[in-house]
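Thanks for coming. I will go through one chain, from its overall layout down to a few side chains.

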Amino acid sequence: MTPNAVKDLAVESSSGQSLTLKWSRPSTGDMPGTSYNLEYSEVVDGVNKNDTTTAISHVITGLKPYTNYTIRIMAISTVGEGLWSTPIVAETNQGGSLFSH
C-alpha cells in the first residue's frame, strides 16, 4: 500500500535563510525505508526545488530573507509514492521569529 498524505506539515522556526519544518508520519503506508520528498518554491517565481529526508523534520537552507515560500511534502516507500500534503506558505525573516500563513 502506498503511503497516505503526510499530515500536520508546519514551520517550527524561521530565520533569514532557513525554515525548520516538522510533520506527522502518514497514517498508512509508512514502513521502514520511508523517505520524504519536500518541494518548495518562492511564491513569486514558482520555480520548484526539492529536498529529501528520512526524518520527520527538516531544515531547508539557502533561502532568501523576507521571502514567502510554498512548501509541500510527499512520503515515498518501497511500494511507491504517496499523495502530496496540503501546501503551506511560510516566510523567512532576519530576526528568527516565525511568520506563517
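**Layout of the chain**

Reading from the N terminus, the elements run β-β-β-β-β-β-β-β-β. That is nine strands and zero helices. Helices here are DSSP runs of H or I with at least four residues, strands are runs of E with at least two, and both are numbered from the N terminus. The radius of gyration is 13 Å, close to the 13 Å that the globule rule gives for 101 residues, so the chain is as compact as a globular protein of that length. That radius is taken over C-alpha atoms, and the rule is 2.2 Å times the number of residues to the power 0.38.

Before the details, some ground rules. This is a predicted model, in which local features need pLDDT of at least 70 and side-chain atom pairs count only at pLDDT 80 or more, while totals for chains, interfaces and linings use all residues. Residues are numbered from 1 along each chain as its sequence is written, and side-chain values use heavy atoms, with hydrogens and water left out.

Along the principal axes, the C-alpha atoms fill a box of roughly 40 × 25 × 20 Å. Of the 101 residues, 40% count as buried. Buried means under 20% relative accessible area, exposed means over 50%, and partly exposed is in between, with a 1.4 Å probe and protein chains only. Among contacts with a separation of 6 or more, 58% come from residues 24 or more positions apart; a contact means heavy atoms within 4.5 Å.

Strand 1, residues 7-14, pairs with strand 2, residues 18-24, in the antiparallel sense over five bridges. Two strands pair if DSSP finds at least two bridges between them. A hairpin of three residues joins strand 1 to strand 2, and Ser13 has Thr20 in strand 2 as its bridge partner.

Now the largest nonpolar core, which has 17 residues; Leu9, Leu19, Leu21, Trp23, Ile71 and Ile73 touch the most other members. Strands 1, 2, 3 (35-42), 6 (68-76) and 8 (88-91) each give two or more residues to this core, and the largest share, four residues, comes from strand 6. A nonpolar core is a set of buried Ala, Val, Leu, Ile, Met, Phe, Trp, Tyr and Cys residues joined through side-chain atoms within 4.5 Å. Leaving out residues up to four places away in sequence, Leu19 touches residues including Val11, His58, Ile71 and Ala90.

Is Ser14 buried or exposed? Ser14 sits in strand 1 and is buried, at a relative accessible area of 5%. A polar atom of its side chain lies 3.0 Å from the backbone oxygen of Glu91, and the Ser14 side chain also makes a polar contact of 3.5 Å with the side chain of Asn93. A polar contact is a pair of N or O atoms within 3.5 Å; within protein, one must be able to donate a hydrogen and the other to accept it, and residues adjacent in sequence count only if both atoms are side-chain atoms.

Asn50 is in strand 4, residues 49-53, and is partly exposed at 43% relative accessibility. Its C-alpha atom is 5.5 Å from that of Leu38, 12 residues apart along the chain.

A polar atom of the Thr53 side chain lies 3.1 Å from the backbone nitrogen of Ala55. Beyond four places in sequence, Thr53 is in contact with Trp23, Ser35, Tyr36, Leu38 and His58.
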